[in-house]
Amino acid sequence: MISLILTILYLAKDTVHRWFTRASSPLARVLVVFFLSLCALFFLGSYVISAKAIRDKIRSRGGDLVAAFFVIPENTGTPCLPSRAETLQLLGADSIDIIPVGSATAGERNHVQMITYSFRRAAQFMPLLSPSGGPTLLYPEDNAPLPPGPVDVKTMGQQGGFTAMVRHLPSDHLLMRLQQNGALLVPPHMVEHMLTGSNTRYERMLLQVKELENAESLHRVSRFLNRLKRLEKLEGNVSSAAPLLEEMDIILGNQTQCRAAFCLGIVVIVGILLTALAGMEYRQNEFIYTLMKSFGIHPILLVGSFIVENLVLVSISFAAAVTTFMYSQKIIVTQFFKMGMYTLELQEIMPEIRLISYTLLFCVLVSSIPIMVAANRQIGRVLK
């Protein structure tokens, strides 16, 4: 055990001594790995940022939504549509479900659709009603024709009217994304007479996928709604932006091939450099290492010393490259790639960091192959 510790200490001392006497060798490895890793991070980081920007733009334009319009035939019961909790649990999607019951006029020439909700959605809609539980006129806050407060409302095609409370909701609220021009939300008991009878009824449903990774996220929701429509024997349609996302997935797939080719280039360059330098340094000290083998030192220790040396240098270089990238990405992305004010958090770029680190680890292991061959040469051929 003592001899093993002393051998390891000697190999560590010899490595440090070589670094100081021939500083160009470790410096070359550090600089090459640092700049190649930094270039790889900027290249792969631009890929991640571009994908993020595209997803944000698609999401802002409704790409994360699946819209369903159901026609409930005459003399049929209420269809068993999923609640908000069920869509979140089963599909990973937030949802809203409204029942159009007519139209109304608020103020002067402000026409809005009058909607209500079913009992299964009561917990979702009751907080949107006025404090007294009465009807509410809902508008998106960035495009509201009426200020908050009470307003007289008259229903179209019927006599009389009532007072509703005007409320503004965020534009990204799911109801406002479904009713972009606003809506008059009325509790079910006020329009119960409009929901009964033999007239055909309608329900509109909007689902927002929480984690929009690819087109399959939308296809999963669309398949569920189409299956539900068939089982409930409803008419209507289900629409989404899945075809657009499929085209985006193809483009991102092509970029993935570019990422693989770029990483392959790093493997070739760094692998050749580490192999050449490690082989040269081993040959320069081959006589001493062979003497150590003749004294009973296992060749694995000799090979391991070079692997550890390259791991230390490569790890330091790569850590410096990651740190430089995280602090300078904003300047590079905005000035060179012209992608706006997008920046990446460490967890967002972590898959690329792992990819590059695995590539560098592979280079270190490959560079040890010539050392393994040389370390296993017969002692007599070296010491003759």
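**Helix packing and aromatic pairs in a predicted model**

Tyr-202 belongs to strand E8 (residues 201-209), and its partner Phe-69 to strand E1 (residues 65-72), so the pair ties together parts that are 133 residues apart in sequence. The ring centres of Phe-69 and Tyr-202 are 5.6 Å apart and the ring planes stand at 20°, so the pair is stacked; the cut-off for stacking is an angle under 30 degrees. Phe-69 is also partly exposed, with a relative accessibility of 31%.

In total, the structure holds four aromatic pairs. A pair of aromatic rings is described by two quantities, the distance of the centres and the angle of the planes. Another of the pairs is formed by Phe-42 and Phe-325, with 5.1 Å from centre to centre and 65° between the planes, and is edge-to-face. An angle over 60 degrees places a pair in that class. Phe-42 is part of helix H2 and Phe-325 is part of helix H10 (residues 299-335), so this pair ties together parts that are 283 residues apart in sequence. Phe-42 is buried, at 14% relative accessibility. Phe-325 is buried as well, with a relative accessible area of 2%.

Helix H10 also contains Ser-317. This serine counts as buried, at 1% relative accessibility. When residues up to four places away in sequence are not counted, Ser-317 touches Arg-29, Val-30, Val-33 and Phe-34.

Helix H2 covers residues 24-60 and helix H11 covers residues 346-367; their axes come within 10 Å and cross at roughly 145°. The crossing of H2 past H11 is right-handed.

Definitions and conventions:
Residues are numbered from 1 along each chain as its sequence is written. This is a predicted model: local features need pLDDT of at least 70, side-chain atom pairs count only at pLDDT 80 or more; totals for chains, interfaces and linings use all residues. Side-chain values use heavy atoms; hydrogens and water are left out. Axes are lines fitted to C-alpha atoms, for helices over the stretch in contact, and angles run from 0 to 180 degrees between N-to-C directions. Helices (H or I, at least four residues) and strands (E, at least two) are DSSP runs, numbered from the N terminus. A crossing is left-handed if the near helix is turned anticlockwise from the far one by less than a right angle, and right-handed if clockwise. Rings of Phe, Tyr and Trp (its six-membered ring) pair if their centres lie within 6.5 Å; planes under 30 degrees apart count as stacked, over 60 as edge-to-face and the rest as tilted. Buried means under 20% relative accessible area, exposed over 50%, partly exposed in between (1.4 Å probe, protein chains only). Contact means heavy atoms within 4.5 Å.
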